[in-house]
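Open the model in your viewer and keep the selection tool at hand. The stops below go through it in order.

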Amino acid sequence: MKKETRANLIKQGAIWAFIVVELAFFSIAGEFLSVTETAFMDFDNMLLLLKQSAPIGIIALGMTIIMINGNIDLSVGATFALAAIVLLDSMTWPFMAAIGDWAIPLAWGFALLTGVVLGAINGLIVWKTGVDAFIVTLGSMLGYRGLVFMYNGEQPTSHLNWTLVDFAEAQFLGLHTATWFLLGAALLLWLLMTKTVHGRNAYAIGNNREAAVNAGIRVGPHFLWNFMLIGFLAALSAVVFYSESGSVNPNDGMLYELWAITAVVLGGTKLSGGYGSIISTLGGVIAIQLLRKGLGHIGADTETVNLVIGLILIAVLFLDRQLNRKGREELKT
Amino acid sequence: MTDQTPALRLEGIVKTFPGVRALDGVSFAVMPGEVHALMGENGAGKSTLMKVLGGIHQPNEGQIFIAEEPTVMTSPIEAKSKGVVFIHQELSLADELTVAENIFLGELPRKSFGRVDWKTLYDQTNAILKTLNVGFDARTRVGDLSIANQQMVEIARALTVDPRAVIFDEPTASLTDAEKVVLFEVIADLQSRGVGVIYISHRMEEIFKITDRISVLRDGQYRGTLNTAETNEEEVTQLMIGRTLDLSRSESTHQMGDVALEVRNLSCGDLFEDVSFTVRKGEVVGFYGLVGAGRTEIAETLFGLRDPSSGTIMLDGEEVRINSPADAIKRGISLVPEDRKAQGLILGMNCRDNMTLPQVDDMTAGPFVSDGAEVAIFDQYRDKLDIRTPGWRQLVGNLSGGNQQKIVIGKWLSMHPEVLIVDEPTRGIDVGSKSEIHNLIRELAAQGYAVIVISSEMPEVLHVSDRIVAMFNGRVMREFTAEEVTEDSLIQAISGLETDKVA
């Protein structure tokens with residue numbers, strides 16, 4: 001019993017220990033190899049890191065819930081791009097231009113609504129057809145990306161609203177707007193998953209769907225809500241990012257689904273469902289961003305960074321498997 | 001027999017896991033040509049002992065001897081090469097491959113350049129199959145065989161080496177009576193070749209039919225070996241559980257109330273047809289029949305997991321339609337399913353959350369689930385049902401079968417249902433907890449619950465029921481009251497021998 005709690009703590013804490021190791025490694029390695037003068041652990045650098053974690057981070061939080069449910073959503077990258085286009089393009093519509101800065105909340109609303117609708121489409125198909133979420137969202141990933149290209153062809157969609165940019169670049173209590181959104185979303189979703197009926201049911205369904213049905217939980221509507229939630233979060237991520245950048249390319253957001261899944265898995269959430277934590281995913285997101293920044297700091301190029309992250313992901317899962325295997329009577333295969 | 005060297009001998013085997021002494025000095029010996037039963041309740045250490053024997057676990061202390069040679073087993077493959085072969089309850093065969101390929105899996109005879117020597121393969125296989133006297137040949141696809149014949153393939157696989165000891169783990173679990181006879185013939189044949197057979201089973205009548213000696217384990221300790229010819233079921237049971245078990249018919253002492261559930265002419269495709277019965281408040285109605293008689297399917301229909309094709313369901317005299325389990329629960333019908341782990345529990349969740357799962361919706365304070373209300377419910381039913389767990393945080397997967405079943409029952413009781421359906425209440429539960437569950441069911445009836453018990457164990461049905469519905473092939477054959485039922489008439493009814501139906 002005690003041991004179990006301890007083992008759980010170790011599992012939950014592992015990702016944070018990994019982050020500490022990363023920080024120590026890059027700080028020390030940075031002393032010898034750095035291409036810049038500033039220290040890696042520089043405060044501003046760390047704040048920037050959190051801000052840069054936000055776009056994929058917010059999506060990864062939603063992905064955690066989807067994966068605890070035993071599903072997966074591959075369409076979030078395309079949803080992200082489409083929501084971004086709606087955000088920027090809607091502000092150029094004549095009636096929007098006429099209402100001044102009131103266009104901003106309205107544009108946000110349009111973008112978020114887009115995400116919710118796209119998510120609802122995924123959820124409805126998964127619920128009503130019973131087709132595996134992997135297949136459904138693989139299809140919608142292609143479909144939604146198609147919509148992105150139909151909107152403006154190969155051309156980028158751009159619109160800069162300076163009020164919006166100011167808001168996005170603002171810092172409150174030292175943290176950037178994007179960081180606040182990331183942390184706020186993490187807090188709310190953590191409460192959702194640990195304290196509410198919806199969260200309880202999500203774990204139950206992911207762990208044993210049949211038993212959940214037998215306990216009177218309505219699985220289909222539950223899935224629908226979660227797909228709407230991740231659609232909303234993908235759109236929120238787009239809103240936060242493009243408020244600042246003001247220009248979206250039709251290829252933006254590609255592979256975001258895979259980065260999000262990587263962060264979720266690094267955080268210890270199981271692909272098979274029923275187990276995982278929002279806070280650990282936040283750790284996974286930060287760990288990946290640290291790796292990227294850290295390797296950049298000591299002069300590695302993007303290709304090397306991806307290679308290292310890939311290797312670490314496999315190594316972590318292997319380690320996890322070994323730790324879990326110990327004590328349990330698993331057959332040698 | 002005593003002057004022979006044992007085929008296999010274990011001496012002082014100790015195996016500990018963190019916090020548990022799973023095996024505590026187990027010693028016993030199997031003679032060549034002997035069928036030796038190994039018995040014990042669930043959790044007595046039988047499977048651990050077999051894993052030690054198969055090289056999956058290493059013992060902390062003690063020694064394995066094969067023909068009095070001290071031996072260390074490091075893997076199932078090594079065990080096999082030393083002549084110790086396992087026939088597992090769950091078959092591990094590749095459905096798409098032929099019988100021959102399965103038997104020689106991993107050691108197919110080869111020609112040059114790694115080509116398979118098909119001729120030798122089929123010849124050798126057919127030679128082995130001939131000794132087993134089976135009705136299929138080496139080229140048959142395994143997936144096309146019956147379970148019993150697949151088991152024969154497993155046995156044939158064991159015979160590719162010259163076995164000294166063959167261990168059967170619950171081999172008759174999914175066999176028909178006719179198939180059992182064939183299996184026992186094969187075991188007798190192994191016996192006559194001088195192979196030592198270890199036979200693990202819970203079924204007393206088999207044990208007494210085919211074994212020479214019986215060794216009993218309890219709580220990881222060796223409790224003694226009896227000569228089968230000189231003992232009886234009671235003595236063995238007593239050795240297994242340390243006390244005698246009362247399975248006599250229970251008398252109802254309480255008054256029954258109104259009809260809680262009435263089912264009229266209910267049918268569901270060809271699963272069951274024209275089923276009618278009633279359950280009163282305070283009554284236990286037992287459903288007895290063979291596997292496939294349609295009992296579980298009726299329960300699933302009442303619980304909203306299947307749509308009936310015709311017929312009516314009435315609760316408290318009012319006709320209802322039940323479209324989903326959520327619906328059924330709202331109307332006060334609860335189901336304790338047949339397969340606890342797959343259908344009844346969220347194994348990765350703790351005890352409390354499992355118990356409150358269906359009603360957690362009503363236990364909120366603001367947007368959040370109220371911790372206090374949940375713990376209160378858990379504590380109440382832990383005490384009421386005597387659930388033994390270190391605390392509510394314990395994962396349900398770590399509890400014993402009996403305590404897991406109590407969690408499932410507590411889950412529904414805490415919602416005060418009208419009708420409680422219990423499908424196979426004591427499957428996979430050790431003998432001690434069985435009688436606890438039985439008493440609990442009687443007690444629930446006394447408290448006024450309408451209870452349906454579905455069981456494949458006749459003593460259980462006879463023990464707990466006020467009335468028994470006998471089913472055969474999707475139809476109700478006959479209804480018995482507890483006073484009039486006899487074992488013979490019940491067996492007749494569920495075999496379809498008796499056709500006069502009592503509506």
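Helices (H or I, at least four residues) and strands (E, at least two) are DSSP runs, numbered from the N terminus. Residues are numbered from 1 along each chain as written, and chains are lettered from A in the order in which they are written. The model is predicted: local features need pLDDT of at least 70, and side-chain atom pairs count only at pLDDT 80 or more.

Select residues 223-243 of chain A. The span is 100% helix and 0% strand, with its end C-alpha atoms 30 Å apart. Next take residues 303-319 of chain A, also 100% helix and 0% strand, where the end C-alpha atoms lie 24 Å apart. An unreviewed UniProt entry lists both spans under "transmembrane region"; such annotations may be inferred rather than shown by experiment.

Now colour chain B by pLDDT, the predictor's confidence in each residue, from 0 to 100. Chain B averages 86, and 94% of its residues score at least 70. Confidence in chain B is lowest in helix α8 (residues 233-241), at a mean of 77, and highest in strand β16 (residues 333-336), at 95.

Finally, show the side chains of B:E34 and B:R213. They form a salt bridge at 2.4 Å, N to O (a side-chain nitrogen of Lys or Arg within 4 Å of a carboxyl oxygen of Asp or Glu). B:E34 sits in the loop between β2 (20-30) and β3 (35-39) of chain B, and B:R213 in strand β9 (residues 213-218), 179 residues apart.

Methods: Heavy atoms only, no water.
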